[in-house]
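Please open the structure in your viewer and keep the selection tool at hand. The tour moves from one selection to the next and says what is found at each stop.

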Amino acid sequence: MLTTVVFDADHTLLDLDPAVDGGLAAVLGEMRRLTPAAAGVSLADLRADFAACLAERPDEPVVAVRRAALARSLDRVGLGHELDRMAELFFARRFALTRPFADVMPVLAALRSSYTLGYATNGNSRADRCGLAAQFAFEIYAHEAGVPKKPAPAFFAAVAAAAGVPPASIVYVGDSPEHDVRAPQAAGLRSVWLNRARLPRPAGLRPDAEIRSLAELPAVLAGWG
């Protein structure tokens with residue numbers, strides 16, 4: 001029997017990209033204020049620095065990866081000594097701008113009377129700093145209490161332990177085919193792929209359901225009985 005619905009955070013519940021870009025824009029503006037050398041640095045360069053650091057250290061906490069990326073960006077123009085201040089600026093702006101997608105709050109309200117709701121993420125989007133305070137019975141963050149990042153089976157074991165039910169009683173909802181569909185299924189959970197971008201389904205991917213908006217989720221779960 002399905003009792004628990006657990007959600008990924010970034011790009012599933014939270015419209016992260018505009019918030020990250022806002023944080024990077026604040027950093028870039030300050031870089032340009034401090035040195036003329038930053039005039040040749042673009043927002044695309046800062047995004048690329050994060051992508052490169054994430055590829056180099058995929059298992060590290062997102063906060064550490066972001067600091068490494070900011071350090072790389074600042075070193076481009078001789079501002080490495082400004083890292084702590086720039087990181088504080090970035091995270092303040094990023095969290096101030098991070099908010100749920102429009103379909104999120106109505107769906108959480110609709111599901112809460114029938115299911116236990118959980119929040120489980122690889123990232124550093126704290127629910128209470130992103131417009132989702134007091135929405136979940138439990139929250140799981142990778143790199144806290146020894147929990148590894150998805151797709152590690154131990155991540156989903158932590159989800160089941162927090163829910164207090166067997167994995168088969170849980171459905172995980174998220175946007176990543178690897179992390180939010182294949183990985184939870186391998187751990188014994190059901191999965192719903194939230195495909196907001198209407199991407200082609202990857203070869204071999206078999207989510208228990210695929211939806212284009214969270215607004216479709218209550219009907220999918222009701223159909224499972």
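This is a predicted model: local features need pLDDT of at least 70, side-chain atom pairs count only at pLDDT 80 or more; totals for chains, interfaces and linings use all residues.

Residues are numbered from 1 along each chain as its sequence is written, and side-chain values use heavy atoms, with hydrogens and water left out.

**The sheet**

Begin by colouring the strands, which, like the helices, are DSSP runs numbered from the N terminus (helices are H or I with at least four residues, strands are E with at least two). Six strands form an open sheet in the order β3-β2-β1-β4-β5-β6, with parallel pairing, where two strands pair if DSSP finds at least two bridges between them. At the edges lie β3 (138–141) and β6, each of which pairs on one side only. Neighbouring strands of this sheet are turned by 20 degrees against each other on average, direction ignored; axes here are lines fitted to C-alpha atoms, for helices over the stretch in contact, and angles run from 0 to 180 degrees between N-to-C directions.

Zoom in on β5 and β6, which pair in the parallel sense over three bridges, and find Val 192 standing opposite Ala 209 in β6. Next select Asn 195, in the loop between β5 (190–194) and β6 (209–211). Is Asn 195 buried or exposed? Asn 195 counts as buried because its relative accessibility is 2%, where buried means under 20% relative accessible area, exposed over 50%, and partly exposed in between (1.4 Å probe, protein chains only). Leaving out residues up to four places away in sequence, Asn 195 touches Glu 210, Ile 211 and Arg 212, contact being heavy atoms within 4.5 Å.

Move to Ile 170 in strand β4, which counts as buried because its relative accessibility is 0%. With residues up to four places away in sequence not counted, the residues that Ile 170 touches include Leu 2, Thr 4, Val 6, Val 159 and Leu 189. A C-alpha to C-alpha line from Ile 170 to Gly 118 spans 9.7 Å, although the two are 52 residues apart in sequence.

**Helices across the sheet**

Now show helix α6 (residues 153–163), which lies across β1 (4–7), β2 (116–121), β3 and β4 (170–174) and runs at about 160 degrees to β3. Helix α7 (residues 177–186) lies across β4 and β5, running at about 165 degrees to β5. Within α7, the residues Asp 180, Val 181, Ala 183 and Pro 184 are buried, and what covers the buried residues of α7 includes α6, β4 and β5. After α7 comes Gly 188, whose phi is positive, near 95 degrees.

**The cores**

A nonpolar core is a set of buried Ala, Val, Leu, Ile, Met, Phe, Trp, Tyr and Cys residues joined through side-chain atoms within 4.5 Å. In the largest one, which has 49 residues, those with the most contacts inside it are Phe 7, Met 31, Leu 214 and Leu 217. A second, separate core of 16 residues includes Ala 120, Val 147, Phe 155 and Val 159.

**The largest pocket**

Turn to the largest pocket, whose volume is about 740 Å³. A pocket is an open set of points on a 1 Å grid over the protein atoms alone, where a 1.4 Å probe fits and protein lies on both sides within 12 Å along at least five of seven lines; lining residues have an atom within 4 Å of a point. Grid points are joined across faces, edges and corners, and the volume is the space filled by probe spheres set on the points. Of the 28 lining residues, the closest to the centre are Asp 10, His 11, Phe 50, Leu 54 and Val 62. The largest share of the lining, four residues, comes from α1.

**Backbone details**

Most residues other than glycine have a negative phi, and most peptide bonds are trans. Select His 11, in the loop between β1 and α1, where phi is positive at about 75 degrees although the residue is not a glycine. His 143, in the loop between β3 and α6, also has a positive phi, near 75 degrees. Finish at Pro 151, in the loop between β3 and α6, which a cis peptide bond with omega of about 15 degrees joins to Lys 150.
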